[in-house]
Amino acid sequence: MTASDWMKVIAGVVATLGFSILFRLRPRHWCFSALSALLGCIVLFLTDDAFDGLFLPNFLSALAVAAAAELFAVLLKAPSTVFLLTGVIVLVPGGMLFYGMRDLLVQHDAAGYASLYDALVICLGIGCGIISASFFRYLFHRVSLLIHKSRRKDV
Amino acid sequence: MRKFSVPPVPTTPVTAGGDVSSASAEAVLSKALDVGEGILRCGGEPHRIEDTVGRICSAYGAAHTDVFALPSLVVAGIRMPDGTGASQMRRIRSTKNDMFRLEMMNELSRRVCAGRVPLDAVDSELERICSARPFPEWLEYLGGVIGAGGFAVFFGGTVLDAVAAAVAGFLVTLLNRHRARGVNPLVYSLLISFVGALAGLLLVHFGVGQNSDMVIIGIIMLLIPGLALGNAVRDLLFGDVASGLMQIAQAFITAIMVAAGFSLALLLQGVVFP
């Protein structure tokens, strides 16, 4: 990651703090939403260099954010949505949507549709990442329940 | 000095069990739906509402519960052990992301399920939640300012772009917070995006920002329902097809209105400053 990337990561975290206020998070949760956004940004920049395409980097970043959100939800006894909504905002393809819209406006249809298609792929990646984290949480919950039950049987 | 803390929770433990036998199905369902409606209004997911309403009804003695939630509707029916039943529905016309109230509603439902809130105390608990605020209201403007400014830099803008986006972000937050009653929300989204984009373009024109693209992207992040789209995809993948499709349609229509507002501002810029 370059210095410019780190600058963007910091800007992303600051923006997430702004959204934490806009979404009316409890002040004691702001740092946790910023942490999940920081994780998402770092994963996004690292995987963006490592993989081609848009789906995988956004999927992995959303997975990281959602996993962090699930962890914070358990630790702080709060709904995971609280950390997920704010943490994942840095992945939202606002830039793609703007460029798509602007290109369509100036009748660069091909470029416009390409940007909107990219935005859709990113949204799909985010959705899949979030759902995967939920699935892993469910799996973890079931396994820990089974372990707990088998221990009680042994006793 | 005004305090913005949460009113204290009653400390005396009370059992829900005491009035369960005498509680009517209508009363139980009404209170459970009050909480469910509150969660949906604060931006909770439909599957969370279904889960919460079901749990609260069970905590107050319902033998069987069926709940169906959409982003704008909750329908539920219960049957009590004595065979009496009830069904009710709630229409939700507007929602907003209020994670503070969502969390408090979640806490309330946990306490109900633990048997610590009697049925007749649910109303006062909901009132307490509605009157609670996590911080002074002016902080929300700061949220809009640093949200828009931060995203202008995140998408490749300069510090000057961040300043321009922050000023326009303040304007957008102001308009968003003081939505005119009776105006169609979609038309209002169009107006806000038009004013926000116009402010950003003017600031760049007068030298406050350098890249109009980055300034507008910073502002667009405050308005675009990209997150709703992500949530919709998640609901679809979870199997909540109706909810997912409704949210996609809602996000798509809002995005079109926001795009139209920005397009109008860009067109106006082309005419006024060719």
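Why does A:Phe135 count as partly exposed? A:Phe135 has 47% relative accessibility, so it counts as partly exposed (the class between buried, under 20% relative accessible area, and exposed, over 50%, with a 1.4 Å probe and protein chains only). This is a predicted model: local features need pLDDT of at least 70, side-chain atom pairs count only at pLDDT 80 or more, and totals for chains, interfaces and linings use all residues. Residues are numbered from 1 along each chain as its sequence is written, chains are lettered from A in the order in which they are written, and side-chain values use heavy atoms, without hydrogens and water.

**Nonpolar patch**
- A:Phe135 lies in helix α6 of chain A (helices are DSSP runs of H or I, at least four residues; strands are runs of E, at least two; both are numbered from the N terminus).
- A:Phe135, A:Phe136, A:Tyr138, A:Leu139, A:Val143 and A:Ile147 form a nonpolar surface patch (residues with over 30% relative accessible area and no salt bridge, nonpolar side chains joined within 5 Å).
- Together these residues have about 600 Å² of accessible area (Shrake-Rupley, 1.4 Å probe, only the protein chains shown as cover).

**Second largest pocket**
- The second largest pocket has a volume of about 930 Å³ (a pocket is an open set of points on a 1 Å grid over the protein atoms alone, with protein on both sides within 12 Å along at least five of seven lines; lining residues have an atom within 4 Å of a point).
- That volume is the space filled by probe spheres set on the points, which are joined across faces, edges and corners.
- Of its 23 lining residues, A:Arg137, B:Arg48, B:Asp51, B:Arg55 and B:Arg110 are the closest to the centre.
- α2(B) gives the largest share of the lining, five residues.

**Salt bridges**
- Over all chains, the structure holds 18 salt bridges (a side-chain nitrogen of Lys or Arg within 4 Å of a carboxyl oxygen of Asp or Glu).
- A:Arg24 and B:Asp98 pair at 3.1 Å, N to O.
- B:Arg90 bridges to B:Asp34, with the closest N and O atoms 2.7 Å apart.
- B:Arg90 sits in strand β3 and B:Asp34 in helix α1 of chain B, 56 residues apart.
- B:Arg90 is buried, because its relative accessible area is 15%.
- B:Arg177 bridges to B:Glu137, with the closest N and O atoms 2.7 Å apart.
- Shared partners join salt bridges into one network of A:Arg24, B:Asp98, B:Arg101, B:Arg133, B:Glu137, B:Glu140 and B:Arg177.

Note on methods. On a 1 Å grid over the protein atoms alone, a cavity is a set of points where a 1.4 Å probe fits but cannot get out, and a pocket is an open set with protein on both sides within 12 Å along at least five of seven lines; lining residues have an atom within 4 Å of a point. Patches are made of residues with over 30% relative accessible area and no salt bridge: like charges are joined within 9 Å, nonpolar side chains (Val, Leu, Ile, Met, Phe, Trp, Tyr) within 5 Å.
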